[in-house]
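Morning, everyone. I have one structure to walk through today, and I will keep it short. Please have a look at it first.

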Amino acid sequence: MGIPPRPPAQDGWRLPAPRLVALLFLASLLGGCAVGPDYQAPSLQFPAKWGSAHPTVSANGTEPDNLPPDLARWWERLNDKTLDGLIERAVAGNLDVATAKARVREARATRRQALAALAPVVTGDGSYTRADNGSNVSAQSGDITVSGPFDSFDLGLDASWELDLFGANRRSAEAATYGLDAAEENLRNTLLVLIGDVATYYVEARGYQARIALAQRTAASQRETAALTRTKLEAGTATALDVANAEGQAASTEADIPGLQSSYQQTLHQLAILLGQPPSSLNDLMKRSRPIPKPRLPIPKSVPANVLLARPDVRLAERQLAQYTAKVGQAEAARYPDVSLVGDVSTSATNVGDLGKNSTISWSFGPSLSVPIFNAGQLKAAVEYAQAERDEYFIAYRSAVLTALQDVENASVALQHERRKSRSLATSATSYRKAASLARALYQSGSSSFLDVLDAERSLYSAEDSYLQSEVAITTDYVSLNKALGGGWTGYVDTRTPEVTDEMAPHFVRADWAKEFVQSDGAP
């Protein structure tokens, strides 16, 4: 078998200009054409004002409900430097945030891939062959005669461009762009939830510290009362029943301490996990007790419609709705003809130096048409599936809006009523503190029975513990309200740097797989 004959010589390889211009004009004319629905943000009805809470009044007496709330770095208004540092560490080290950043990189790469589909595709190929026809007969190609073994060199360049007349690729790029927006909103929402959780667990940990200290102080005071009662028993002015009651009450208070310490440690462990650290890594940092953080009140809540501009979960739902609306158009475009421009240039020779000569070059160029004629309704079903999927995200968006409004109303009501409760508990604790002091004084003077002391101390401990719990609840409700209003991280977050650095350049690899293969085959 000899060398294939060389294609006819060409005087260059100019494309037919009028036809090329006509095709390019048609492509540009139809370049803005697309089928399927064009996305428009849904219009929903929102209440003009919040219904459950009183309007917030600023320092000069005006109502700031029509002003945007100051939600940036809201946790700094708690005036706790330790909390500020923990939030900084959480943003940098939290694993959910790292996952959300990776998804942003995924969405960004997907968008680049979708945009690349709008551009022409050019590929090159080349080959070299050493062959012999197995005879002493000379092989002839054109004006070249080759005897015995011969070389064959081939180079080629292929190009194709899908004109995307009905917008399938443009809808795909549109969906990918919305998907990137959604991934970025998901990152913001992850940060919002993270910061709220860190603040909540931190406040609860400080609350447990305060309650442990209260229980220890109360138990120590009750032990002193029990010792005084035993002294009075020896003096004949108290009964054994009084001693048993005093010691029993002190032991009961001491029994609360291990449970509080367990809850404190579990809260601390969860806080460390949010920072991406081992559970016990915050023990030393949190060893020194600090007061329960107290927020600056009031908080301007703005109007309900403004919440939708601040809540990343609502914006995420809206971007997902836009993304899946574009996918409806992408599925619909698949039912229309597909036109592409295809061309190639190739050259072959028996010597490398001949590859660049005009006489060795061949080319082809022309349109390619693909028309879906019969598919048993598969493409129509794909459109219906995309429409149903889009409807799901429309419903999810409406649900996200209602949930956002509910979150603000609930957090506002909870904070408002917890503040009232805390004021009553503070008054109660003050009264019981006076009652306990008077009861002990009267008991020491012999003017009152021990039951009065027992009841007063029990009531005082309960009131002070309830007050501390209420103080924690006020701050956690403050955290919840800021989360509901969309307050979160406003600093820079690096979404470009990957978590794992890969070695992408050519290099030698370890043949561990070969060892495993040999071992699995029964070899030693």
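Start with Glu76 and Arg73. Their side chains meet in a salt bridge, 2.6 Å from N to O. Keep in mind that this is a predicted model. Glu76 is partly exposed, at 35% relative accessible area. Arg73 is also partly exposed, at 23%. Residues three or four places apart on an α-helix point the same way, because a turn takes 3.6 residues.

How many salt bridges does a search of the whole structure find? The count is 23. Here is another one: Arg315 with Glu185, where the closest N and O atoms are 3.0 Å apart. That pair links distant parts of the chain. Arg315 sits in helix 7, residues 312–333, and Glu185 in helix 4; they are 130 residues apart. Glu185 has 10% and is buried, because the cut-off for buried is under 20%.

Next, Arg390 and Asp391. Their side chains form a salt bridge at 2.9 Å, N to O. Asp391 is partly exposed, at 38%. There is also a network: Asp38, Arg171 and Glu174 are joined by salt bridges that share partners.

Back to helix 4, residues 168–234. It has 67 residues, so at 1.5 Å a residue it should span 99 Å. The end C-alpha atoms are 96 Å apart, which agrees. After helix 4 comes Gly236, with a positive phi near 85°.

Four strands make an open sheet, in the order 1-4-5-6, with antiparallel pairing. Strand 1, residues 121–131, and strand 6 are the edges. Each has a single partner strand, so one side of each lacks a neighbour in the sheet. On average, neighbouring strands are turned by 15° against each other, direction ignored.

Let's go across it. Strand 1 pairs with strand 4, residues 150–162, over eleven bridges. Gly124 has Leu157 in strand 4 as its bridge partner. Strand 4 and strand 5 are joined by ten bridges. There, Phe153 partners Ala349 of strand 5. Strand 5, residues 338–349, is joined to strand 6 by ten bridges. Val345 stands opposite Trp363 in strand 6.

Last stop, the surface. Leu369, Val371, Ile373 and Phe374 make a nonpolar patch of about 530 Å². Where is Phe374? It lies in the loop between strand 6, 361–370, and helix 8, 378–444. Phe374 is exposed, at 74% relative accessible area.

How values were computed
Residues numbered from 1 in each chain as written. Predicted model: local features only at pLDDT ≥ 70, side-chain atom pairs only at ≥ 80, totals over all residues. Heavy atoms only, no water. Patch = residues over 30% accessible without salt bridge, like charges linked within 9 Å, V, L, I, M, F, W, Y side chains within 5 Å. Areas by Shrake-Rupley, 256 points an atom, 1.4 Å probe, with all protein chains shown as cover. Salt bridge = Lys/Arg side-chain N within 4 Å of Asp/Glu carboxyl O. Helix = DSSP H or I, 4+ residues; strand = E, 2+ residues; numbered from the N terminus. Buried < 20%, exposed > 50% of the residue type's maximum accessible area, 1.4 Å probe, protein only. Pairing = 2+ DSSP bridges. Axes fitted to C-alpha atoms, helices over the stretch in contact; angles between N-to-C directions. Expected span 1.5 Å × (residues − 1).
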